[in-house]
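Hello,

Here is the structure I promised to hand over. Please have it open while you read the notes below it.

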Amino acid sequence: MKTVYSAACVLFALSLLAASPVRAQTAADTKQLAHDIFKQLIEINTTDSVGNVTTAAEAVAKRLRDAGFSETDVIVAGPNDRKKNLVARIHGTGKRKPILFIGHLDVVEARREDWTTDPFEFIEKDGYFYGRGAEDMKDGDAILASNFIRLKKEGFVPDRDLILALTADEEGGASNGIDWLIKKHRDWIEAEYSINLDGGEFEKEKGKRLLAGLQASEKVYADYQFESLNPGGHSSVPRPDNAIYHLAGALARLQSFAFPAKINEITRNFFEHMAALASGPTAADLKAVAQQPPDAGAIARLSTIPYYNTLLRTTCVATMLTGGHAPNALPQMARANVNCRIFPGEDPEEVRRTLEKVANDPKVTVRVVPQITEDGTVIPLVSVPPSPLLPEVTGAMERTVGAVWPGVPLVATMEAGATDGKYLRIAGIPTFGISCMFFELGDNRAHGKDERVGVQDFYDGVEFCNHLMHELAGGKH
Ligand SMILES: [Zn+2]
């Protein structure tokens, strides 16, 4: 998943590691390796329906072993044959607690007929890499895997263990890998904090680099079911109470409803930061919502822009619809899925009650759709705490961004979507989304058609991640 909200951080550019010829050579090799892993992963279908995450995990495991990782430092394991996760480790001096780097190997469904090219073929065209997972997030998986191999080959001895976990079912499915690892093998991934390449996008606009995101919080994902039941009957004798009409009326009322706007410390700082980067009336509105109290007119105007609207409030939107059982029968059932992204701190049950009020029809019920894991456990719907901005993480990011892209501000963000970071945050492992790559504002194709990442943005990300790992894990190299 991917988006922004946040505490702006002032940056200090410090000098980075000097590039020696040996490192330069390794950097070129790593670029090629990252490309090859990226291609390999895109061409392994890892959708929940017909794909296989284990094949992808095994492919990365083989590359790690071939590069010198010992058998015991590379684990492929999971709850079933199709959903195994990869966990690998580089041993450090143990001076500090480990850092966990995470990415997910599964991808959202993609149909050939919906795409310009085959979504499971890795294609380089017009300066972009295309394929399902090109943005979300086989690019990040390839960056992590290739850099773990690079660190191994460099003989880098970090001052702490570095753990890599590439996992299943972030996008859906019943075998979420991070959840499984926390519950079954927490010792494999125990860390002081986690870096998640599936969040904290770096934003650019018309090619100009605007900001480097550090995702420290995210909205909570929740599905609600709107349902209307009816005795039905023969459609030649219609009655006024019709399950489809009841449901349609409730959804129409939802369409014109907006949850109240909310601003917290992180979003306020984010809007302040964006005000400095934007121009014209939008800049003035961003500044006005960052004021205390925020300007109501500015909130109303910014709410018309989907990107800002989702940062300003809980959003709920109809996403799926079913109903009826025959063309010549009155419907006995009509049902809609309403997907909500809940503002941090708001109670999901309170959101349900609000939806019930909005539906405003005793013939329409609103209930939470439980998320259930493989073994039948219901994942509790809880508010996810933001991660505290650890100075060693923000410091390492400031130094890395300052050295690689001087002048680009580091901005802590809230993600409008949800990532695996939530499992770790709930488990007490602070998690920071850092995508390492720039993406064009307004061209988010994750989960959509013709998903892509810029070729240069990808290669820059490979190099950025290497610098960041050195900054986070010090040590000798
Ligand atoms: Zn993702």
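**What was found**

Phe129 is buried, and Phe458 is buried as well. Keep in mind that this is a predicted model. The ring centres of Phe129 and Phe458 are 5.8 Å apart and their planes meet at 90°, so the pair is edge-to-face. Across the whole structure, the search gives 20 aromatic pairs.

Two arginines sit over rings. The charged end of Arg452 is 3.7 Å from the ring centre of Tyr128. Arg209 lies over the face of Phe438, 5.2 Å from the centre of that ring.

**Overall picture**

The protein chain has 14 helices and 22 strands. Its C-alpha atoms fill a box of roughly 80 × 55 × 45 Å along the principal axes. A compact globule of 477 residues would have a radius of gyration near 23 Å, and the chain agrees, with 23 Å. Of the 477 residues, 56% are buried.

**Second largest pocket**

The volume of the second largest pocket is about 280 Å³. It is lined by 18 residues; the closest to its centre are Asp179, Ile379, Pro380, Tyr423 and Ile426. The lining divides into 12 nonpolar, three polar and three charged residues. Helix H4 (177-184), strand E11 (220-229), strand E18 (378-379) and helix H13 (421-426) each supply at least two of the lining residues.

**Backbone points to check**

Which peptide bond ends at Met137 in the cis form? The one from Asp136, with omega near -5°. Met137 lies in the loop between E6 and helix H3 (138-154). Gln292 and Pro293 are also joined by a cis peptide bond, with omega about -5°. Pro293 is in the loop between helix H8 (280-289) and helix H9 (296-302).

Next, positive phi values outside glycine. Lys206 has phi near 50°. Its place is the loop between strand E9 (202-205) and strand E10 (208-218). Lys206 is exposed, at 78% relative accessible area. Asp450 has a positive phi of about 50°. Asp450 is in the loop between strand E21 (438-440) and strand E22 (452-454). With 11% relative accessibility, Asp450 counts as buried, because the cut-off is under 20%.

Best wishes

Note on methods. Residues numbered from 1 in each chain as written. Predicted model: local features only at pLDDT ≥ 70, side-chain atom pairs only at ≥ 80, totals over all residues. Heavy atoms only, no water. Phe/Tyr/Trp six-rings, centres within 6.5 Å; stacked < 30°, edge-to-face > 60°. Buried < 20%, exposed > 50% of the residue type's maximum accessible area, 1.4 Å probe, protein only. Lys NZ or Arg CZ within 6 Å of the ring centre and 35° of its normal. 1 Å grid on protein atoms, 1.4 Å probe; cavity = no way out; pocket = protein on both sides within 12 Å on 5 of 7 lines; lining within 4 Å. Points joined across faces, edges and corners; volume = space filled by probe spheres on them. Helix = DSSP H or I, 4+ residues; strand = E, 2+ residues; numbered from the N terminus. Nonpolar A, V, L, I, M, F, W, Y, C, P; charged D, E, K, R; others polar. Rg over C-alpha atoms; globule rule 2.2 N^0.38 Å.
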